[in-house]
Amino acid sequence: MMKKINILLLGFCCVLAFGQSKTSKKKPSDYKIGNSSQSNTVNLPVVNENIPLLIPKKIKGKSGFVNQKGKMVIPAEYDLVMFFGEDCNLINSPNEKVKIFGSSDFATVDNKGITYRINKNGKKVYQYKKEDLGRCNAQMQKALFHAYILKGKYGIIEDSKFKNPDDQSQFAIYPKYQFLYVLEGDDVANPMIIATYNDKFGVIDVNNKIVIPFEYSDIKRNYSWKLGKMFEVTKDDTNYYLIDSYNRSY
């Protein structure tokens with residue numbers, strides 16, 4: 001039978017959680033904000049222009065970043081890393097000096113319960129403090145498509161067009177899968193959908209076209225697609241890694 005999908009929340013929700021619960025125990029006067037300069041950033045090759053230049057990578061329980069050719073650029077020395085991207089809590093900070101660290105030039109990393117922003121050279125430039133966090137005002141886009149269960153099988157419906165489940169033509173994808181989950185993304189009209197078929201996981205689109213073949217034992221329902229246009233997968237339920245929409249691993 002289908003194996004249970006593990007849920008790992010990445011991105012904005014994690015940034016907020018880390019900032020609130022794992023802030024530094026040092027007094028403000030004991031910590032100095034680092035230099036945010038990117039002038040010494042190493043050259044980053046482009047294999048796929050649709051994915052980040054720096055990609056999270058876990059090695060022996062620790063995480064760092066590789067470039068698109070799989071070369072380790074920022075050593076795997078953190079307990080958790082996130083994609084380089086904006087942090088709205090810092091962008092909206094009441095502290096003008098730290099707002100710059102909320103930009104997409106930086107990534108959030110966590111080590112031994114302390115959370116930092118690092119630049120693309122791997123340098124720690126900011127350590128989270130609760131008093132620096134502002135409020136995120138971003139509005140969520142309403143999903144146009146949802147999973148629909150009929151006779152124990154999963155399909156996809158477009159909310160605005162679906163009225164009668166007895167009319168097969170009203171389904172975007174008629175129920176035939178063991179499981180479907182619509183991933184959050186920037187393009188709500190063309191979402192990526194995690195699917196399970198014959199006890200294997202893959203990814204399809206709303207036209208039922210296979211994007212990622214059904215060869216994985218699990219694909220995580222997290223923000224890796226929304227933030228990095230990548231999927232976090234495993235073939236052994238233990239070792240997870242990121243792939244792009246061409247099924248290339250990193």
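Here is a short chat about some features of this predicted model.

Me: Hi! I'm new to this one. How many disulfides does a search of the whole structure find?
Reply: Welcome! The search turns up 1 disulfide. Cys88 and Cys136 are the partners, with an S to S distance of 1.8 Å.

Me: And what is a disulfide, again?
Reply: It is a covalent bond that links the sulfur atoms of two cysteines.

Me: Which parts does the pair tie together?
Reply: Cys88 belongs to helix 2 (residues 88–91), while Cys136 is in the loop between strand 7 (124–127) and strand 8 (145–150), so the pair ties together parts that are 48 residues apart in sequence.

Me: Is the link of Cys88 and Cys136 right-handed or left-handed?
Reply: The link is right-handed, with 90° about the S-S bond.

Me: Is Cys88 buried or exposed? And what about Cys136?
Reply: Cys88 has a relative accessible area of 16%, under the 20% cut-off, so Cys88 is buried. Cys136 is partly exposed, at 30%.

Me: Changing topic: how many aromatic pairs does a search of the whole structure find?
Reply: There are 13 aromatic pairs. One of them is Phe101 with Phe106: the ring centres are 5.5 Å apart and the planes stand at 70°, so this pair is edge-to-face.

Me: Why does 70° make it edge-to-face?
Reply: Because planes over 60 degrees apart count as edge-to-face, and these two are at 70°.

Me: Are Phe101 and Phe106 buried or exposed?
Reply: Phe101 is buried, with 2% relative accessible area. Phe106 is buried as well, at 1%.

Me: Nice. What lies over the face of Tyr240?
Reply: That would be Lys220, at 4.2 Å from the ring centre. There is also Lys229, whose charged end sits over the ring of Trp225, 5.5 Å from the centre of that ring.

Me: Over how many bridges do strand 16 and strand 17 pair?
Reply: Strand 16, residues 231–234, pairs with strand 17 over 4 bridges. To pick out a partner, Glu232 is bridged to Leu242 in strand 17.

Note on methods
Residues numbered from 1 in each chain as written. Predicted model: local features only at pLDDT ≥ 70, side-chain atom pairs only at ≥ 80, totals over all residues. Heavy atoms only, no water. Disulfide = S-S within 2.5 Å. Helix = DSSP H or I, 4+ residues; strand = E, 2+ residues; numbered from the N terminus. Buried < 20%, exposed > 50% of the residue type's maximum accessible area, 1.4 Å probe, protein only. Pairing = 2+ DSSP bridges. Phe/Tyr/Trp six-rings, centres within 6.5 Å; stacked < 30°, edge-to-face > 60°. Lys NZ or Arg CZ within 6 Å of the ring centre and 35° of its normal.
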